[in-house]
Amino acid sequence: ASGTQDFPWKELTSNTVSLIHKRGGTILGSSRGNRPDEHIDAIMERLIKEGVTQLYVIGGDGTHKGANAISQEAVKRKLAMTVCCVPKTIDNDIAFIDKSFGFESAVGTAVGVINCALIEAQDSEQGVGIVKLMGREAGFVAVMATLASNDVDICLIPEGPFDVDKLCTYIGQRLDRHGHCIIVIAEGAGTEHFKDADLGVDASGNRRLPDVGLWLKEQIRSWWQEHGRAIQVRYIDPSYQLRSVSANPSDSVYCSDLGSTAVHGCMAGFTGFSAGRINQRYVYIPIEEMCKAKKVKVDTKSRVYNRMVVHTGQPDLAPDDWEPTSPVDKIILESGLCM
């Protein structure tokens, strides 16, 4: 909504976009807030004034809801306007599609940061390296970066609660064996420790999260101080570095294909759709269905997650009083098969 109302428009020509594939981020800019359904008249007036007949919207679930509102309003007003979405979120938690573009590039950059944390931890006496990665509600970046790195000892994600005592005890075991320990934590992990924290919401209505990385650093340092052991904790937060990195070759090809698919759909007269890839096929998904679907999360009983656990060697760090929420989790917990 902000892009159509508050900021000057940019004319995209062959010259202005000729080199944008060389850089990361977005030349269009990004913003939060200004829900389209609350400003629909102003948005439509601006689009009509500018003579827009094809609207391409890039973003996650909130962006899709806004595009859906615009698409429905265009139909209601009987405007010759097609609306197309291209799914995009660094967290890779959008339903239906194989993956979000940029996800692989972000994971690749995260692996480099983990390597830096490893060097820092190895070069410190009893060194613990903590890397916080993006992932408010889903730990895909953290899990895949952990698998790709092969140097991580503990991976903490929003889908898996953890007990501080169990965590610190295991850190001690890793320090005893290797002299260092590397932890990757997603930004939304550990919310069970902040149930009473109220930092308000951001412009999009999302709950503001405490900095779990800084909190974890202090928890580990103070826990071992109380237990009479001197350790060195190094903390790295590369969040915006991951967002601004240039696309790797795989993402470059993916973006090109997504762009072509989106344009072909609009030129064919379709509207109210999202261009994505499902099972390696490029398809058109109704935006309304994208809005109805729940965000995708890491399945802690999946092969990918369990491969990650095998890679790290981490034990079950869940609190003893943790109550699983899904029927599948309850069955597995009762069977004693949980890792």
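A residue is called buried when its relative accessible area is under 20%. The exercises below use this term on a predicted model.

**Exercise 1. Helix H4**

Task: Find which residues of H4 are buried, and state what they pack against.

Solution:
- Step 1. H4 covers residues 103-122, 20 residues in total; at 1.5 Å a residue the helix should span 28 Å, and the 28 Å between its end C-alpha atoms agrees.
- Step 2. The buried residues in H4 are Phe103, Ser105, Ala106, Val107, Thr109, Ala110, Val113, Ile114, Ala117, Leu118 and Ala121.
- Step 3. Their packing partners are strands E3 (127-133), E5 and E6 (232-236), together with helices H5 (140-149), H8 (239-244) and H9.

**Exercise 2. The nonpolar cores**

Task: How many residues does the largest nonpolar core have, and which of them have the most contacts inside it?

Solution:
- Step 1. The largest core has 31 residues, and Leu133 and Val143 have the most contacts inside it.
- Step 2. Two or more residues each come from H4, E3, H5, E5 and helix H11 (303-312).
- Step 3. H4 gives the most, with 9 residues.
- Step 4. Leaving aside residues up to four places away in sequence, leucine 133 touches Ala110, Val141, Ala142, Ala145, Val184, Ile185, Ala186, Glu187, Pro238 and Leu242.
- Step 5. Another core, of 26 residues, lies apart from the largest one; Leu156, Phe162, Trp215 and Tyr235 are among its members.

**Exercise 3. Two aromatic pairs**

Task: Classify the pair of phenylalanine 194 and tryptophan 215, then the pair of phenylalanine 270 and tyrosine 284.

Solution:
- Step 1. The structure holds 7 aromatic pairs.
- Step 2. In the pair of phenylalanine 194 and tryptophan 215, the ring centres are 5.1 Å apart and the planes are at 70°. Planes over 60 degrees apart count as edge-to-face, so this pair is edge-to-face.
- Step 3. Phenylalanine 194 lies in the loop between strand E5 (180-186) and helix H7 (212-226), and tryptophan 215 lies in H7, 21 residues apart.
- Step 4. Phenylalanine 194 has a relative accessible area of 9%, so the residue is buried.
- Step 5. Phenylalanine 270 and tyrosine 284 are 5.7 Å apart centre to centre, with 50° between the planes, and this pair is tilted.
- Step 6. Phenylalanine 270 is partly exposed at 43% relative accessible area, and tyrosine 284 is partly exposed at 35%.
- Step 7. Phe162, Phe194 and Trp215 form one aromatic cluster.

**Exercise 4. Charges over rings**

Task: Which ring does the charged end of arginine 229 sit over, and which ring does arginine 277 lie over?

Solution:
- Step 1. Arginine 229 has its charged end over the ring of tryptophan 224, 5.2 Å from the centre.
- Step 2. Arginine 277 lies over the face of tyrosine 254, 4.5 Å from the ring centre.

Conventions:
Residues are numbered from 1 along each chain as its sequence is written. This is a predicted model: local features need pLDDT of at least 70, side-chain atom pairs count only at pLDDT 80 or more; totals for chains, interfaces and linings use all residues. Side-chain values use heavy atoms; hydrogens and water are left out. Rings of Phe, Tyr and Trp (its six-membered ring) pair if their centres lie within 6.5 Å; planes under 30 degrees apart count as stacked, over 60 as edge-to-face and the rest as tilted. Helices (H or I, at least four residues) and strands (E, at least two) are DSSP runs, numbered from the N terminus. Buried means under 20% relative accessible area, exposed over 50%, partly exposed in between (1.4 Å probe, protein chains only). A charge sits over a ring if NZ of Lys or CZ of Arg is within 6 Å of the ring centre and within 35 degrees of the ring normal. The expected span of a helix is 1.5 Å times one less than its number of residues. Contact means heavy atoms within 4.5 Å. A nonpolar core is a set of buried Ala, Val, Leu, Ile, Met, Phe, Trp, Tyr and Cys residues joined through side-chain atoms within 4.5 Å.
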